[in-house]
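Hello,

Please find the structure below. My notes on what turned up follow it.

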Amino acid sequence: MDCLPNFPSCAFAVTTAAPGGKTTMLAQLMQGKGEVVALDRSHAKVDDIRALAEELGCAGCIQAFKMDATKAVARERGDLLDAQQQQQQQQQQQQQEHPNGQQLGQQ
């Protein structure tokens with residue numbers, strides 16, 4: 001039994017999303033249509049969400065970002081896209097600063 005109507009234009013945001021159970025459940029209930037945006041403050045947890053989504057075959061409608069949910073609130077869809085672009089730029093900058101995937105404090 002579906003708990004959610006199947007709306008291809010729906011978008012859900014899941015905050016403090018790790019380890020990915022709520023995120024993947026929503027994606028499966030939506031039958032791969034629409035969009036689920038998962039936010040968590042930890043790179044490792046975002047990687048866990050993406051891995052679970054791939055494993056369960058529902059990664060197509062899930063976007064997972066390392067982001068503080070309190071700073072991700074948008075009034076319009078364009079604002080959310082701007083926030084996502086800023087997050088992607090920050091991730092690229094971090095990858096350039098730490099090309100081997102090492103974070104500060106790791107050796």
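These notes cover the cysteines and then the salt bridges.

Please keep in mind that this is a predicted model.

Cysteines

How many disulfides are there? The count comes to 0. A disulfide requires two cysteine sulfur atoms within 2.5 Å. For C58, the closest cysteine sulfur belongs to C61 and lies 6.4 Å away, so the distance is too far for a bond. The search from C61 leads back to C58: this is where its closest cysteine sulfur sits, at 6.4 Å, again too far for a bond.

Are C58 and C61 buried or exposed? C58 has a relative accessible area of 8%, which makes C58 buried. C61 is also buried, with a relative accessibility of 6%.

Salt bridges

Searching the whole structure gives 1 salt bridge. The partners are D47 and R50, and their closest N and O atoms are 4.0 Å apart. Where do D47 and R50 lie? Both are in helix α2, which runs over residues 43–56. D47 and R50 are 3 residues apart there, about one turn of the helix.

As for accessibility, D47 is partly exposed at 44%, and R50 is partly exposed as well, at 36%.

In short, the model has 0 disulfides, with C58 and C61 both buried, and 1 salt bridge, formed by D47 and R50 within helix α2.

Regards

Definitions and conventions:
Residues are numbered from 1 along each chain as its sequence is written. This is a predicted model: local features need pLDDT of at least 70, side-chain atom pairs count only at pLDDT 80 or more; totals for chains, interfaces and linings use all residues. Side-chain values use heavy atoms; hydrogens and water are left out. Buried means under 20% relative accessible area, exposed over 50%, partly exposed in between (1.4 Å probe, protein chains only). A salt bridge is a side-chain nitrogen of Lys or Arg within 4 Å of a carboxyl oxygen of Asp or Glu. Helices (H or I, at least four residues) and strands (E, at least two) are DSSP runs, numbered from the N terminus.
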